[in-house]
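Please read them with the structure open.

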Amino acid sequence: RQAYAVSKEDGHQTSAESWGTGRAVARIPRVRGGGTNRSGQGAYGNMCRSGRMFAPTKTWRKWHRRVNRKMRRYAICSAVAASALPALLMARGHKVEKVSEVPCVVEDGVESFSKTKQAVSLLKAINAYDDVENAKESRKVRTGKGKMR
């Protein structure tokens, strides 16, 4: 997996200090100043709007688990063997009904293709293009802020 994390400064990019006790408000730090909606709003806390998240994600999280070499090889062999069973492929949603045999074995000349048009014509010739269309349709626009990704 690719490491991800929020910025170290996120949620702390404002000058804020608690108002202390005796003001009938929570003791959370509040944004300084006046003349804007933001002044007086709670800051920094994970319960505050525009505050830092609880336990911000770090890049040094344990992303990979060690797997014994024999187990890893066995898993790869099992995955390759499973790719030869059309029933399993279709159960995963692949469109391979019209493909004459799976896995598809093609000649080495395919590696020299330099244009997408050539690859598309090959996939259409072996009736595997339906699966490409299926993958194309599965792309979607993310909701919310994810649209920026």
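1. Helices (H or I, at least four residues) and strands (E, at least two) are DSSP runs, numbered from the N terminus.

2. On sources: this is a predicted model, in which local features need pLDDT of at least 70 and side-chain atom pairs count only at pLDDT 80 or more, while totals for chains, interfaces and linings use all residues. Residues are numbered from 1 along each chain as its sequence is written, and side-chain values use heavy atoms, with hydrogens and water left out.

3. Overall dimensions. Along its principal axes the C-alpha trace spans about 80 × 40 × 30 Å.

4. Burial. Of the 149 residues in the protein chain, 13% are buried. Buried means under 20% relative accessible area, exposed over 50%, and partly exposed in between (1.4 Å probe, protein chains only). The chain exposes about 12,800 Å², of which carbon and sulfur atoms supply 53%; these areas come from the Shrake-Rupley method with a 1.4 Å probe, and for residues only the protein chains shown count as cover.

5. Core. The largest nonpolar core has five residues: Leu89, Val96, Val99, Val102 and Ala128. Such a core is a set of buried Ala, Val, Leu, Ile, Met, Phe, Trp, Tyr and Cys residues joined through side-chain atoms within 4.5 Å. In soluble globular proteins, nonpolar side chains tend to be buried together.

6. Leaving aside neighbours within four places in sequence, Val102 is in contact (heavy atoms within 4.5 Å) with Ser83, Ala84, Pro86, Leu89 and Val96. A cis peptide bond, with omega about -5°, joins Val102 to Pro103, and Pro103 is in the loop between H2 and H3.

7. Salt bridges. There are two in the structure, a salt bridge being a side-chain nitrogen of Lys or Arg within 4 Å of a carboxyl oxygen of Asp or Glu. Lys98 and Asp130 form one of them, at 3.3 Å from N to O. Lys98 lies in the loop between helix H2 (86-91) and helix H3 (116-125) and Asp130 in helix H4 (residues 129-137), so this pair ties together parts 32 residues apart in sequence. Lys98 is exposed at 58% relative accessible area, whereas Asp130 is partly exposed at 33%.

8. Glu17 and Arg32 also meet in a salt bridge, at 3.1 Å from N to O. Glu17 is in strand E1 (residues 16-18) and Arg32 in the loop between strand E2 (29-31) and helix H1 (69-82), 15 residues apart.

9. Positive phi. Most residues other than glycine have a negative phi, and most peptide bonds are trans. Ala24, in the loop between E1 and E2, has a positive phi of about 60° and is exposed at 81% relative accessible area. Asn127, in the loop between H3 and H4, has a positive phi near 60° and is partly exposed at 38%.

10. Thr57. This residue sits in the loop between E2 and H1 and is buried, at 13% relative accessibility. The Thr57 side chain reaches the backbone nitrogen of Val6 at 3.1 Å.

Notes: A polar contact is a pair of N or O atoms within 3.5 Å; within protein, one must be able to donate a hydrogen and the other to accept it, and residues adjacent in sequence count only if both atoms are side-chain atoms.
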